[in-house]
Amino acid sequence: MIRYLSAGESHGPGLTVVIDGFPSNLPVSKEAIDEQLRRRQQGYGRGFRQKIETDTVEVTSGIRFGKTLGTPITMNVANRDFKNWTERMSVFDEKPADLKEIYRPRPGHADLAGAIKYDHEDIRNVLERASARNTATVVAAGALAKQLLAQFDIQVTAHVVELCDIKAETMPEQLSDLIAAADASEVRCADSEASVKMIAKIDEAKANGDTVGGVFEVIVRGCPIGLGSYAMPDRKLDGRLAGALMSIQAIKGVEIGLGFEAARRFGSNVHDAIAHDGSRYLRPTNGAGGLEGGVTNGQDVVVRVAMKPISTLYKPLPSVNMQTKETELAAIERSDYCALPAASVVGENVVAWVIADALIEKLGGDSLEQMRDNYEQYTTRISRR
Ligand SMILES: Cc1cc2nc3c(=O)[nH]c(=O)nc-3n(C[C@H](O)[C@H](O)[C@H](O)COP(=O)(O)O)c2cc1C
Ligand SMILES: C=C(O[C@@H]1CC(C(=O)O)=C[C@@H](OP(=O)(O)O)[C@H]1O)C(=O)O
């Protein structure tokens with residue numbers, strides 16, 4: 001089992017993630033982690049904050065001479081914006097007399113429920129941690145998971161397939177082309193015609209003081225058969241993926257394979273026939289999205305994820321001043337208009353984390369070498385079935 005704890009406020013000094021359960025002797029590239037952080041900051045429609053930040057990790061435990069020690073790994077991401085917030089976010093100093101507090105909760109954000117739950121007057125005490133700034137730590141953890149998966153030729157990618165009411169129609173057939181096209185696109189959509197329309201849609205939202213969301217797809221290539229289990233509900237890999245993805249800010253739906261579309265079809269048009277070519281099992285289709293019974297079946301794992309539009313509206317919805325209970329417009333905080341491309345990078349890294357967890361569970365072993373031995377034994381064994 002791998003696990004992590006993260007901490008940190010959006011405008012505090014920085015964010016920290018402590019990771020436990022990785023095997024020893026895994027070569028780790030800081031550049032590869034920083035590259036995932038860089039990708040998370042990209043995408044058309046983001047607000048001014050991303051111009052202030054240049055996220056990189058500082059590793060303070062668990063790695064020596066570029067390899068994991070098998071002990072807890074601590075990674076820190078500094079908030080460059082903190083220098084503009086030192087008084088407003090002070091840990092121990094007195095609250096400044098002229099501090100502007102937030103009393104008008106934004107519909108769709110954690111403001112109202114959070115302020116009531118934790119008995120906060122100033123909604124800033126809620127939004128600082130509810131903020132998706134924390135996804136930087138989630139991505140740092142996922143970037144480490146990606147490096148473990150790469151040792152076993154497992155690759156995780158993501159791309160945008162819908163933005164508001166615009167759908168990508170054509171996609172490159174080769175996964176490598178899909179990745180290249182998505183990475184080159186400002187909205188991370190591999191369909192270049194749809195990308196242009198998506199950018200115009202973000203501009204339209206921005207011009208109207210509005211926001212947009214959409215759908216991204218995550219694909220996992222190279223998973224061996226047998227990750228996850230049908231034996232207990234909490235071991236099912238489909239449930240674990242959905243749970244982890246739904247815990248990303250603003251994610252409101254997850255579907256695996258055909259997902260909701262499967263509910264509209266006859267079974268004969270949903271399930272994937274089973275064939276054998278003399279050396280291995282083949283599935284001519286992949287409606288199951290690589291998961292049957294909560295277990296990987298050797299096909300690509302395909303997950304689609306729905307993100308709602310950003311909650312902060314520059315043309316705000318009606319809200320209530322929590323001090324006076326009078327109807328007022330919701331507060332406006334500096335904000336993104338669309339963070340779907342960034343969310344797709346977060347989703348990609350979250351899926352990498354869940355798959356790495358399932359791989360470590362399947363193979364056991366305290367070191368990378370032991371995991372490799374167990375992997376070879378397992379793949380030899382299943383090749384005889
Ligand atoms: C990468 C990313 C960036 C986000 N940026 C903003 C933002 O700038 N403004 C905002 O109001 N919400 C933003 N959100 C969404 C809020 O964090 C989220 O809606 C809020 O925490 C409430 O959680 P919920 O939507 O999951 O219910 C962002 C989400 C992600 C994934
Ligand atoms: C800081 C990030 O995203 C933030 C997520 C966010 C929210 O409410 O979720 C609100 C905005 O914060 P700020 O008001 O500081 O601009 C985003 O910029 C980031 O992704 O690095």
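Visitor: Which residues does UniProt list for "binding site"?

Guide: The unreviewed UniProt entry lists Arg40 and Arg46. UniProt positions follow the numbering used here, feature names are shortened, and annotations may be inferred rather than shown by experiment. The model is predicted: local features need pLDDT of at least 70, side-chain atom pairs count only at pLDDT 80 or more, and totals for chains, interfaces and linings use all residues. Residues are numbered from 1 along each chain as its sequence is written, while chains are lettered from A and ligands numbered from 1 in the order in which they are written.

Visitor: What is the mean pLDDT of the protein chain?

Guide: First the term: pLDDT is the predictor's confidence in each residue, from 0 to 100. Where it is low, predicted coordinates should not be read in detail. Here the mean is 97, and 100% of the residues reach 70 or more. For the complex, the predictor gives an ipTM of 0.98 and a pTM of 0.98.

Visitor: Where is Arg40 found?

Guide: Helices (H or I, at least four residues) and strands (E, at least two) are DSSP runs, numbered from the N terminus. Arg40 is in helix H1, residues 30-40. The protein chain has 10 helices and 17 strands.

Visitor: Is Arg40 buried or exposed?

Guide: Count C-beta atoms, placed from the backbone. A residue is buried with 20 or more others within 10 Å of its own, exposed with 12 or fewer, and partly exposed in between. Arg40 is buried because 27 other C-beta atoms lie within 10 Å. Arg46 has 19 such neighbours inside 10 Å, so Arg46 counts as partly exposed. Arg46 lies in the loop between H1 and helix H2 (49-52).

Visitor: Which residues does Arg46 touch?

Guide: Two residues are in contact if their C-beta atoms, placed from the backbone, lie within 7 Å. Leave aside residues up to four places away in sequence: Arg46 then touches Asp336, Ala339 and Ala342. Arg40, counted likewise, is in contact with Thr135, Ala136, Val139, Ala342, Val345 and Val346.

Visitor: Which residues of H1 are buried?

Guide: An α-helix has 3.6 residues a turn, so residues three or four places apart point the same way. In H1, the buried ones are Ile33, Gln36, Leu37, Arg39 and Arg40. They cover an arc of only 160° around the axis, so they sit on the same side of H1. That arc is taken over directions from the helix axis to the C-beta atoms.

Visitor: What do the buried residues of H1 pack against?

Guide: They pack against helix H5 (135-150) and helix H9 (340-363).
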